[in-house]
Amino acid sequence: MYQKGDYIVYGASGTCKVEDVTRLSIPGTDGKRKYYVLRPVNSSKSTIYSPVNNEKVRIRDVISASEMEEALQKIAELQAVVIENEKLREETYKEILRNADFRQCVSLAYILFQKRKERLDQGRKFTAVDERYLHEVIGVLCTEVSVVLQMDKASAQGLLERSLKQALVHT
């Protein structure tokens with residue numbers, strides 16, 4: 001069980017700080033169940049109330065700094081996200097974000113980054129769906145990078161984008 005002050009990754013909501021672990025006395029709850037009171041790092045005005053034993057949303061520890069640095073240095077070597085059916089690619093993107101696995105999210109960002117470069121090099125537009133999910137996955141990753149490496153979000157985004165560009169050069 002997480003404690004007040006811990007940072008966690010809460011599904012597609014991304015990195016959150018555990019503000020409290022409490023029982024809620026609001027309509028629709030039985031008052032016996034414990035809840036995490038979560039504050040998303042990327043939205044300080046939002047609050048998420050999640051049952052401690054939530055089986056619908058994946059909750060995990062933030063990745064360690066060494067694991068993160070290794071993943072960012074070896075982006076091109078991460079297991080690639082496979083999209084077998086282009087018509088179902090958006091569902092694949094959503095599933096990766098729901099699972100909230102750092103390496104899978106980095107792999108998705110890399111594939112979308114690569115896809116954008118290829119399309120622009122061909123003089124074609126990057127699709128709106130791909131652009132939206134690239135923006136979303138970069139946002140999710142940046143909040144975790146900023147928390148783990150203790151840097152502001154802009155610096156985290158710069159690090160992530162430099163790592164993605166470097167991986168493209170080496171492939």
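1. Confidence. This is a predicted model, and the mean pLDDT of the protein chain is 90, with 99% of the residues reaching 70 or more. Strand β1 (residues 7-10) has the highest confidence, with a mean of 95, whereas helix α2 (residues 89-99) has the lowest, with a mean of 90.

2. Overall make-up. The protein chain contains five helices and five strands, and their order along the sequence is β-β-β-β-β-α-α-α-α-α. The C-alpha trace extends over about 60 × 35 × 25 Å along its principal axes.

3. Burial and surface. Of the 171 residues in the protein chain, 37% count as buried. The accessible surface of the chain amounts to about 10100 Å², and carbon and sulfur atoms contribute 47% of that area.

4. The sheet. Five strands make up an open sheet, arranged in the order β4-β3-β2-β1-β5 with antiparallel pairing. Its edges are formed by β4 (48-51) and β5 (59-61), each of which pairs on one side only. On average, and with direction ignored, neighbouring strands of this sheet are turned by 45° against each other.

5. Strand β3 and its two partners. On one side, strand β3 (residues 34-40) is joined by seven bridges to strand β2 (residues 14-23), and the two run antiparallel. Within this pairing, Val-18 has Leu-38 of β3 as its bridge partner, and Cys-16 stands opposite Pro-40 of β3. Strand β3 is also joined to β4, by four bridges and again in antiparallel fashion, and here Val-37 has Tyr-49 of β4 as its bridge partner. Because five of its seven residues are buried, β3 is largely enclosed by the rest of the structure.

6. Helix α4 (residues 128-148) lies across β1, β2 and β5, and the helix runs at about 75° to β2.

7. Which cysteine sulfur is nearest to that of Cys-16, and how far away is it? A search of the whole structure finds zero disulfides, and Cys-16 accordingly takes part in none, the nearest cysteine sulfur being that of Cys-105, at 14 Å. For Cys-105 itself, the closest cysteine sulfur is in Cys-142, and because the separation is 12 Å, the two are too far apart for a bond; the cut-off applied to a pair of cysteine sulfur atoms is 2.5 Å. Cys-16 is buried, with a relative accessible area of 0%, and Cys-105 also counts as buried, at 2% relative accessibility; the limit for that label is under 20%.

Notes: Residues numbered from 1 in each chain as written. Predicted model: local features only at pLDDT ≥ 70, side-chain atom pairs only at ≥ 80, totals over all residues. Heavy atoms only, no water. Buried < 20%, exposed > 50% of the residue type's maximum accessible area, 1.4 Å probe, protein only. pLDDT = per-residue confidence, 0-100. Pairing = 2+ DSSP bridges. Axes fitted to C-alpha atoms, helices over the stretch in contact; angles between N-to-C directions. Contact = heavy atoms within 4.5 Å. Areas by Shrake-Rupley, 256 points an atom, 1.4 Å probe, with all protein chains shown as cover.
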